[in-house]
Amino acid sequence: MKASLSIPPSGALDFLSLGAVVHRLDPGIVPFRKAHECQIHVSGGEFNVAANLADCFRLNTGVVTAMVRYPIGELAAGRVRAMGVMPFYKWYEHDGVTGPNIATVYSDRGHGIRPPVVFYNRANEAAALLKPGDFDWDGIFSGGVRWLHSGGIFASLSETTADLIVEGMQAAKRAGAVTSFDLNFREKLWKHRGGQDRAVEIFDRIVKNVDVLVGNEEDLQKGLGISGPQVAASSRLDPASFFAMIERVVEKHPQVYSTTRHCWGAVAWAGGEQHVSKTCDLDVHDRVGGGDGFASGLFYGLLAGETPEEALKLGWAHGALLTTFPGDTTMATLEEVRSFAKGGSARIQR
């Protein structure tokens with residue numbers, strides 16, 4: 001991360017996300033081919049961070065996204081309200097047959113040696129239609145916005161969504177806000193957009209406008225084209241190897257960088273200083289959204305004026321806690337996050 005971030009001390013919104021809102025169908029540990037019922041979670045890599053910061057960390061947050069006038073849109077908009085996130089929507093009318101749609105994500109949780117499986121129906125997705133000029137950025141930023149965030153999932157949806165991210169980031173810079181981007185490389189999504197090479201090209205253009213970059217080892221290697229160690233699904237990545245990758249990122253993009261790794265641990269690079277969290281083995285209930293949980297805690301710490309080291313601890317703690325809840329967004333409290341970050345245990349609270 002830069003030696004210090006120039007975060008505005010106040011604003012009508014502490015945090016604003018730009019991205020797609022989706023609904024995720026979750027049959028639990030049952031594979032879809034054998035499923036009889038599903039839970040519905042309203043989600044989105046970018047929205048999740050705004051929702052977590054509002055619900056757990058008590059910040060004023062918003063989301064810039066597409067919304068559709070039909071029952072699934074009403075479901076999604078209701079969940080946005082329930083999480084306390086201020087919406088900035090471009091509305092679309094559903095034609096009753098083909099859309100535009102709120103995308104569907106299908107994700108079973110797996111269990112034990114059986115990994116989770118994720119696949120999509122993003123046909124005629126409303127968010128993919130978003131383009132530069134769809135939002136009044138000057139109006140959105142007029143009351144003050146401290147931080148703007150977007151991510152690689154939204155960037156993968158269409159040529160115009162990547163352009164919209166750049167437009168939003170540049171507007172944020174003009175308004176004095178900090179900008180962040182979660183690489184969130186998804187191979188299935190980029191396969192239809194030209195593959196990894198196209199992702200690297202698009203991310204390269206976006207990251208030039210970014211202060212804080214978030215990702216795991218696969219995101220770095222595939223999203224930014226940064227060489228690094230082969231990372232097996234069961235490996236515990238050496239922080240020294242990770243920081244070597246980060247140094248190569250900084251050579252290419254001299255920006256802010258923070259990243260999670262899968263064991264559960266996290267590292268942060270801040271103005272040349274290296275920070276490494278504790279690690280712990282998690283009994284995961286639902287791993288979807290864990291990375292967004294990390295980003296939320298990290299961003300909260302930085303917005304609250306904590307040191308990068310303390311912010312990293314909060315991100316590590318909140319991400320870990322989020323994997324113990326069903327769904328994609330938080331059910332933790334700020335007090336629980338701070339307690340776990342300080343070494344709290346799972347002993348019963350009486």
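## Crossing of helices α11 and α12

In this predicted model, helix α11 passes helix α12 in a right-handed crossing. Helix α11 spans residues 308-322 and helix α12 spans residues 334-341. Their axes come within 8 Å and cross at roughly 115°. Angles of 65 to 115 degrees count as roughly perpendicular, and α11 and α12 are therefore described as roughly perpendicular to each other.

Residues of both helices make the contact. Helix α11 contributes K313, L314, W316, A317, H318, A320 and L321. From helix α12 come E336, V337, R338, F340 and A341.

## Aromatic pairs

A pair of aromatic rings is described by the distance of the centres and the angle of the planes. The count for this model comes to 13 aromatic pairs. One of them joins F135 and W137, with 6.1 Å from centre to centre and 55° between the planes, a tilted arrangement. Residues under 20% relative accessible area count as buried. F135, at 10% relative accessibility, is therefore buried, and W137 is buried as well, with a relative accessible area of 5%.

A further pair is formed by W190 and F203, whose ring centres are 5.5 Å apart. Because planes over 60 degrees apart count as edge-to-face, the angle of 85° between these two rings places the pair in that class. W190 belongs to helix α6 (residues 187-190) and F203 to helix α7 (residues 195-207), so the pair ties together parts that are 13 residues apart in sequence. W190 is buried, with a relative accessible area of 1%, and F203 is buried at 0% relative accessibility.

## A ring cluster and a charge over a ring

Ring pairs also link F15, W147 and F299 into a cluster.

Another aromatic residue, W91, takes part in an arrangement with a charged side chain. The charged end of R69 sits over the ring of W91, at 4.4 Å from the ring centre.

Helix α1 covers residues 45-55. Of its 11 residues, 10 are buried, so the helix is largely enclosed by the rest of the structure. The buried residues of α1 are G45, E46, F47, N48, V49, A50, A51, N52, L53 and A54.

Conventions
Residues numbered from 1 in each chain as written. Predicted model: local features only at pLDDT ≥ 70, side-chain atom pairs only at ≥ 80, totals over all residues. Heavy atoms only, no water. Phe/Tyr/Trp six-rings, centres within 6.5 Å; stacked < 30°, edge-to-face > 60°. Buried < 20%, exposed > 50% of the residue type's maximum accessible area, 1.4 Å probe, protein only. Helix = DSSP H or I, 4+ residues; strand = E, 2+ residues; numbered from the N terminus. Lys NZ or Arg CZ within 6 Å of the ring centre and 35° of its normal. Axes fitted to C-alpha atoms, helices over the stretch in contact; angles between N-to-C directions. Parallel < 35°, antiparallel > 145°, perpendicular 65-115°, else oblique. Left-handed = near helix turned anticlockwise from the far one by under 90°. Contact = heavy atoms within 4.5 Å.
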